[in-house]
Amino acid sequence: MIKQNLHTHSIYCDGKNTIEEIVLSAIEKGFTILGFSGHGYNRPIDDYSMTRENTKLYYSDVEYVKNKYKDKIKIYLGIEQDYFGRNFVNHKFLEYIIGSVHFIKVGNEYKPVDLSSDVTDYIIKEYFNGDFLSYAKLYYEEVKKMSYWEEVDIIGHIDLLMKFNDDEKYIKFNNYDYLNIAYDCIDTIIKNNKIIEVNTGAISRGYRTSPYPHIKLLEYIDKNNGKICLNSDCHEKTNLDCYYEEALKIIKQCGFDKMMYLSDNGFVLQNINLFK
Ligand SMILES: [Zn+2]
Ligand SMILES: [Zn+2]
């Protein structure tokens with residue numbers, strides 16, 4: 001069986017645990033594959049991203065546990081690269097890259113998508129005249145562009161902009177115009193052969209009751225033969241497999257019969273029943 005999480009944050013960025021604490025917890029929880037994905041350097045836009053100094057320590061720390069625990073768990077060194085942090089990332093040490101959009105650029109300003117409900121309210125009202133769809137268009141435009149980047153393997157939490165929309169205060173999840181913007185983005189991601197992440201992170205942190213992407217988008221991804229992987233976007237070791245069982249159920253209900261896992265020879269498509 002395969003139990004994998006490739007989206008993991010540690011104390012080197014905004015996570016709560018050391019690299020080794022996370023590894024020990026993953027082994028205890030029966031993970032077979034663990035990938036670290038610290039927030040790649042993206043300052044001054046993102047204060048949660050790793051400093052240059054921390055990036056170096058992060059690389060060597062992951063290399064250390066990779067060897068130390070090699071008989072117990074397969075560990076990979078990755079990074080979560082923000083859309084605006086592309087030029088800062090040195091790819092040669094990395095085994096995979098998650099590409100994520102956390103900010104939108106309005107004029108010359110960078111506005112966070114996932115900071116807080118109040119901040120999102122303010123951005124939509126002040127910069128988009130309260131029009132959620134134009135906000136969504138700009139967000140998905142950036143996700144689309146990122147899917148053209150050769151170095152990116154996985155597109156992270158593709159509908160992060162819905163983080164504070166669990167009560168549908170901005171828009172209904174099945175709004176036709178919204179879905180078409182998202183579908184168009186998914187078409188591009190699939191055309192560019194990137195893996196789309198199913199991400200349970202916002203559930204563990206209490207913002208959402210279902211994973212990203214929303215079930216409507218997941219069904220569309222399956223119908224169009226998109227490839228997915230399941231990640232917990234873990235910031236605390238106890239959440240390494242948060243909502244995994246439920247998410248797997250949803251994934252199967254949406255029709256997927258395969259998922260991707262990371263091997264020493266790159267990403268491999270595997271039967272969904274082999275995942276736990
Ligand atoms: Zn992220
Ligand atoms: Zn993350």
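Mentor: Buried means under 20% relative accessible area, exposed means over 50%, and partly exposed is in between (1.4 Å probe, protein chains only). Helices (H or I, at least four residues) and strands (E, at least two) are DSSP runs, numbered from the N terminus. This is a predicted model, where local features need pLDDT of at least 70 and side-chain atom pairs count only at pLDDT 80 or more, while totals for chains, interfaces and linings use all residues. Residues are numbered from 1 along each chain as its sequence is written, chains are lettered from A and ligands numbered from 1 in the order in which they are written, and side-chain values use heavy atoms, with hydrogens and water left out.

Trainee: Let me try a helix. Which residues of H8 are buried?

Mentor: First the general idea. An α-helix has 3.6 residues a turn, so residues three or four places apart point the same way. Now the case. Tyr244, Ala247, Leu248, Ile250 and Ile251 of helix H8 are buried. They cover an arc of only 160 degrees around the axis (taken from the directions from the helix axis to the C-beta atoms), which puts them on the same side of H8.

Trainee: Which residues of H8 are exposed on the other side?

Mentor: Glu245, Lys249 and Gln253.

Trainee: What do the buried residues of H8 pack against?

Mentor: Read packing from contacts, meaning heavy atoms within 4.5 Å. The partners are E1, strand E8 (195-199), H7, E9 and strand E10 (258-263). After H8 comes glycine 255, with a positive phi near 110 degrees.

Trainee: Now helix H1. Which of its residues are buried?

Mentor: H1 spans residues 19-28, and its buried residues are Ile19, Ile22, Val23, Ser25 and Ala26. Their arc around the axis is only 165 degrees, which puts them on the same side of H1. They pack against strand E2 (33-39), helix H2 (52-68) and strand E3 (74-82). Glycine 30 follows H1, and its phi is positive, near 80 degrees.

Trainee: How do I read two helices together?

Mentor: Two packed helices are described by the angle between their axes and the distance between the axes. Take helix H4 (residues 132-146) and helix H5 (residues 176-191): they pack at about 5 degrees, with axes 9 Å apart. Axes are lines fitted to C-alpha atoms, for helices over the stretch in contact, and angles run from 0 to 180 degrees between N-to-C directions. Under 35 degrees counts as roughly parallel, over 145 as roughly antiparallel, 65 to 115 as roughly perpendicular and the rest as oblique. H4 and H5 are therefore roughly parallel to each other. Among the residues making the contact are Phe132 and Tyr140 of H4 and Tyr178 and Ile181 of H5.

Trainee: On to the metals. Which residues coordinate the zinc ion (ligand 1)?

Mentor: Look for donors: N, O and S atoms within 2.8 Å of the metal (3.2 Å for Na, K and Ca); water is not among the atoms, so sites may look incomplete. Here they are Glu80 (OE), His102 (NE2) and His157 (NE2), at 2.1 to 2.2 Å. Glutamate 80 lies in strand E3 and histidine 157 in the loop between strand E7 (154-155) and H5, so the pair ties together parts 77 residues apart in sequence. Both glutamate 80 and histidine 157 are buried.

Trainee: What coordinates the zinc ion (ligand 2)?

Mentor: His7 (NE2), His9 (NE2), Glu80 (OE) and Asp233 (OD), at 2.1 to 2.4 Å. The two zinc ions are 3.3 Å apart, and glutamate 80 coordinates both. Histidine 9 lies in the loop between strand E1 (4-5) and H1, and aspartate 233 in the loop between strand E9 (227-231) and helix H8 (244-253), so this pair ties together parts 224 residues apart in sequence.

Trainee: What is the geometry of the site of the zinc ion (ligand 2)?

Mentor: Four donors count as tetrahedral if all angles lie between 85 and 135 degrees; four count as square planar and six as octahedral if opposite donors are over 155 degrees apart and all others between 65 and 115; anything else is irregular. This site has angles of 78 to 164 degrees among its four donor atoms, and is irregular.

Trainee: Last topic: the backbone. What is the phi of aspartate 233?

Mentor: Most residues other than glycine have a negative phi, and most peptide bonds are trans. Aspartate 233 has a positive phi of about 45 degrees, although it is not a glycine. At 5% relative accessibility, aspartate 233 counts as buried. Asparagine 225 also has a positive phi, near 60 degrees, but asparagine 225 is exposed, at 67%.
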